[in-house]
Amino acid sequence: MTAHALVVGEALVDIVISPAGDHTEIPGGSPANVALTLGRLGREVELVTWLGNDERGHRVGAHIRESHVRIDDASFGATHTSTALASIDETGAATYQFDLAWQVPTVCVDPSVIVTHSGSIAATLEPGGSSVVRVLSQAREFSTITYDPNARPTIMGDPKNALARVEEIVAISDVVKVSDEDIEWLTGGSRIEATARRWLSMGAGLIVVTLGSRGAWAVCAQGTVKVPAPVCDVVDTVGAGDSFMGGLIDALWRENLLGADRRVELAGVDIDALTRVLEHSTAISAITVSRAGANPPWAAELV
């Protein structure tokens with residue numbers, strides 16, 4: 001079977017409110033946006049999610065499939081399709097309020113799954129969160145495990161409890177992508193580098209921290225790398241971190257560092273390769289923030 005990515009997590013409708021007060025409904029959800037990015041970059045990818053068999057759910061499903069992402073009918077078992085109210089301020093930054101339910105339908109992981117990704121609400125909100133942990137644990141037999149905590153304070157509640165779940169997943173992950181703002185909220189202000197190195201010591205092979213307009217920083221066994229963010233006009237930041245995550249997986253795929261049999265090579269990634277990975281990821285994220293909504297680039301746009 002063709003090697004492919006498996007993404008497990010929420011898909012929903014972003015109800016975006018512009019600074020002028022206009023409302024626009026856009027398919028979204030952090031893991032769904034990661035899958036969308038991979039599909040647009042030409043990767044084989046399957047999304048396992050939880051949508052309603054309703055108008056919004058059908059619209060989200062069609063949007064996902066248009067970007068060449070597989071989604072099974074089992075993912076349409078929710079009573080209604082979840083929503084996220086995203087309010088955009090004058091700087092393009094978004095704040096969120098959620099109406100959602102989450103559980104995990106049946107997931108099949110076999111040797112063709114080269115990388116398994118999850119994160120954000122899907123890994124935290126019960127009853128689905130514990131199921132996500134089980135899926136990721138089982139997928140380690142075949143897959144590289146990638147994880148993005150993507151903290152949502154209004155859903156995740158007390159940061160100490162959220163951190164316990166985050167670090168439970170960090171301990172079974174190979175690659176963790178986290179924002180500086182996530183670390184600030186989860187740890188109460190601990191230093192970024194100290195947190196990243198602690199997570200590296202828990203078993204992850206690579207920790208990548210996004211720094212917004214200041215680019216991205218990463219630490220691995222061979223050392224650290226920092227790359228600047230490409231210069232661009234920011235329209236809004238919806239989906240920026242998710243498209244970065246998709247680009248990160250795509251770049252590691254390019255470097256032949258995915259799959260359980262490449263775990264040692266991933267943990268020992270050299271600095272030059274890691275620099276290429278971060279530059280690719282930041283370029284994809286920059287295109288996403290330069291236009292409205294979670295609209296990651298297609299492969300042709302990167303040429």
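**Figure 1. Lining of the largest pocket.** By class, the residues that line the largest pocket of this predicted model comprise 21 nonpolar, 18 polar and 9 charged residues. Here Ala, Val, Leu, Ile, Met, Phe, Trp, Tyr, Cys and Pro count as nonpolar, Asp, Glu, Lys and Arg as charged, and the others, Gly among them, as polar. The volume of the largest pocket is about 1200 Å³. Ser179, Glu181, Thr237, Ala240 and Gly241 are the closest to its centre among the 48 lining residues. Elements that each supply at least two residues of the lining include strand 2 (12–17), helix 1 (30–40), strand 10 (175–179) and helix 8 (240–254). A pocket is an open set of points on a 1 Å grid over the protein atoms alone where a 1.4 Å probe fits, with protein on both sides within 12 Å along at least five of seven lines; lining residues have an atom within 4 Å of a point. Volume is the space filled by probe spheres set on the points, which are joined across faces, edges and corners. Helices (H or I, at least four residues) and strands (E, at least two) are DSSP runs, numbered from the N terminus.

Residues are numbered from 1 along each chain as its sequence is written, and side-chain values use heavy atoms, with hydrogens and water left out. In this predicted model, local features need pLDDT of at least 70 and side-chain atom pairs count only at pLDDT 80 or more, while totals for chains, interfaces and linings use all residues.

**Figure 2. Strand 10 and its partners.** Strand 9 (residues 144–148) runs parallel to strand 10 and is joined to it by 2 bridges; two strands pair if DSSP finds at least two bridges between them. Tyrosine 147 stands opposite valine 176. Strand 11 (residues 206–210) is also parallel to strand 10, with 5 bridges, and valine 178 stands opposite valine 209 there.

**Figure 3. The largest nonpolar core.** A nonpolar core is a set of buried Ala, Val, Leu, Ile, Met, Phe, Trp, Tyr and Cys residues joined through side-chain atoms within 4.5 Å. The largest has 42 residues, of which Leu47, Ile64, Leu206, Ile249, Leu252, Leu274 and Leu278 touch the most other members. Helix 8 gives the most to this core, with 7 residues. A second, separate core has 38 residues, including Val104 and Leu163.

**Figure 4. Surroundings of asparagine 33.** Asparagine 33 belongs to helix 1 and is buried, with a relative accessible area of 6%. Leaving aside neighbours within four places in sequence, asparagine 33 is in contact (heavy atoms within 4.5 Å) with Pro27, Gly28, Gly239, Asp242 and Ala294.

**Figure 5. The loop between strand 8 and helix 3.** Proline 127 lies in the loop between strand 8 (113–119) and helix 3 (128–139). A cis peptide bond, with omega of about 10°, joins glutamate 126 to proline 127. Serine 120 is placed in the loop between strand 8 and helix 3. Although serine 120 is not a glycine, it has a positive phi of about 55°. Serine 120 is buried, at 1% relative accessible area.

Terms used: Buried < 20%, exposed > 50% of the residue type's maximum accessible area, 1.4 Å probe, protein only.
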